[in-house]
Amino acid sequence: MKLGIIGLPNVGKSTLFNSLTKAGAESANYPFCTIDPNIGVVFVPDSRLKLLGDFYHSKKVTPAVIEFVDIAGLVKGASKGEGLGNQFLSNIREVDAIVHVVRCFEDSNVIHVDGTVNPLRDIETIDLELIFSDMEILERRIAKTARSAFNDKSLAKEVEILKALKAHLEEGQPARTFACSDEDEKAFAASLNLLTWKPVIFAANVGEEDLPDDGASNAHVQSVRRFARETGSQVFVICAQIEQEIAELDDDEKAMFLEDLGLKESGLEKLIAASYSLLGLLSFLTAGEDETRAWTIKVGTKAPQAAGKIHSDFERGFIRAEVVNYQDLLDCKAYSAARDKGLIRLEGKDYVVQDGDVILFRFNV
């Protein structure tokens with residue numbers, strides 16, 4: 001999963017990126033950790049992994065990972081190449097979802113580019129730049145497809161969808177709120193790789209005082225939540241400065257620090273939960289003496305395709321999957337005990353993998 005972090009200057013975007021990737025500093029030996037200075041790879045926190053690793057006395061425990069991209073250069077006029085606009089737009093096309101950091105804190109020492117704190121205005125500024133860019137893409141695509149439609153009448157439907165999408169954008173609405181008539185139309189719209197089609201998570205950056213009630217008493221946060229509900233987006237409340245402090249602590253210190261603040265989880269954990277929910281993801285687990293590992297898949301993935309995440313041969317030669325819920329396994333104290341209780345199931349090609357499944361795949365190639 002690749003998430004792009006965007007935002008106007010002085011909203012806390014870079015502070016958040018640095019704290020999130022510092023939180024994953026222990027993953028420095030991950031092979032893609034230094035692809036680019038503005039890319040950071042972090043481990044997905046998952047308490048189940050340590051428990052399973054201890055259960056099997058695994059030599060290695062490997063969490064799922066998320067790649068964060070700090071997308072720089074966005075200013076008003078980015079769609080016309082202002083600032084690092086073109087670089088910004090090309091970077092954002094490569095991500096699965098957008099984390100849009102919006103400033104919801106007042107601080108006279110941190111100047112806002114537009115003079116006052118107004119997260120909805122900031123959201124509109126960035127949305128308009130993305131919409132302008134998408135409209136240019138659609139204009140070119142309409143012209144090209146319309147020419148081809150003279151000789152291929154089947155393309156007429158595509159031209160209709162493209163024009164309808166463009167009209168939707170001209171009303172200031174992002175592509176992700178476009179009402180598709182059926183799954184084929186939705187698949188075509190998704191294939192256009194429009195910036196405003198990508199799902200969005202708003203990171204409402206607040207002061208420390210707004211963390212205990214999750215921004216409930218912050219009017220700026222409430223306005224962002226209302227906007228997110230209207231556009232089918234997710235919101236999580238974060239204090240980038242606090243995240244920076246948390247990133248410097250070990251696990252025990254982190255737990256104490258969060259407890260002192262009256263928090264149950266860090267911003268990174270809230271972001272990951274929002275990301276999995278928005279993108280429809282879950283994790284299944286493989287475990288053994290050599291390695292215990294988490295694998296991220298789409299909700300609704302069947303057993304052979306889940307096996308293919310591990311290796312293509314597993315999917316090609318899939319026979320069956322031995323499945324047990326991780327908690328059932330731990331409660332039984334031994335794999336053999338779980339089998340004796342009938343908790344280990346043999347599942348075939350139509351089994352839909354569930355979050356927390358511990359799976360042993362049987363295959364033959």
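A crossing of two helices is called left-handed if the near helix is turned anticlockwise from the far one by less than a right angle, and right-handed if it is turned clockwise. With that convention in hand, and keeping in mind that this is a predicted model, one can begin with the pair formed by α4 and α5, whose crossing is left-handed.

Helix α4 spans residues 119-149, and its axis comes within 9 Å of that of α5, the two crossing at roughly 160°. Angles over 145 degrees count as roughly antiparallel, and α4 is therefore roughly antiparallel to α5. On the α4 side the contact is made by I131, D134, M135, L138, E139, R141, I142, T145, A146 and A149, which meet A156, E158, V159, L162, K163, L165, K166, L169 and E170 of α5. Sorted by class, the residues of this contact comprise 11 nonpolar, 1 polar and 7 charged.

Helix α5, which covers residues 156-170, also packs against helix α6, residues 183-191, and here the axes come within 11 Å and cross at roughly 65°. Since angles of 65 to 115 degrees count as roughly perpendicular, α5 and α6 are described as roughly perpendicular to each other, and their crossing is right-handed. From α5 the contact draws on K157, E158, I161, L162 and L165, while α6 supplies E185, F188 and A189. The classes represented in this contact are 5 nonpolar and 3 charged residues, with no polar ones. Residues of α5 that take part in the contact with α4 include E158, L162 and L165, and these residues are also among those through which α5 meets α6.

The last element to consider is helix α10, made up of residues 267-279, which has 13 residues and reaches 18 Å from its first C-alpha to its last, close to the 18 Å expected at 1.5 Å a residue. Within α10 the buried residues are G267, L268, K270, L271, I272, A274, S275, Y276 and L279. Just after this helix comes G280, which takes a positive phi of about 65°.

Definitions and conventions
Residues are numbered from 1 along each chain as its sequence is written. This is a predicted model: local features need pLDDT of at least 70, side-chain atom pairs count only at pLDDT 80 or more; totals for chains, interfaces and linings use all residues. Side-chain values use heavy atoms; hydrogens and water are left out. Axes are lines fitted to C-alpha atoms, for helices over the stretch in contact, and angles run from 0 to 180 degrees between N-to-C directions. Helices (H or I, at least four residues) and strands (E, at least two) are DSSP runs, numbered from the N terminus. Angles under 35 degrees count as roughly parallel, over 145 as roughly antiparallel, 65 to 115 as roughly perpendicular and the rest as oblique. Contact means heavy atoms within 4.5 Å. Ala, Val, Leu, Ile, Met, Phe, Trp, Tyr, Cys and Pro count as nonpolar, Asp, Glu, Lys and Arg as charged, and the others, Gly among them, as polar. The expected span of a helix is 1.5 Å times one less than its number of residues. Buried means under 20% relative accessible area, exposed over 50%, partly exposed in between (1.4 Å probe, protein chains only).
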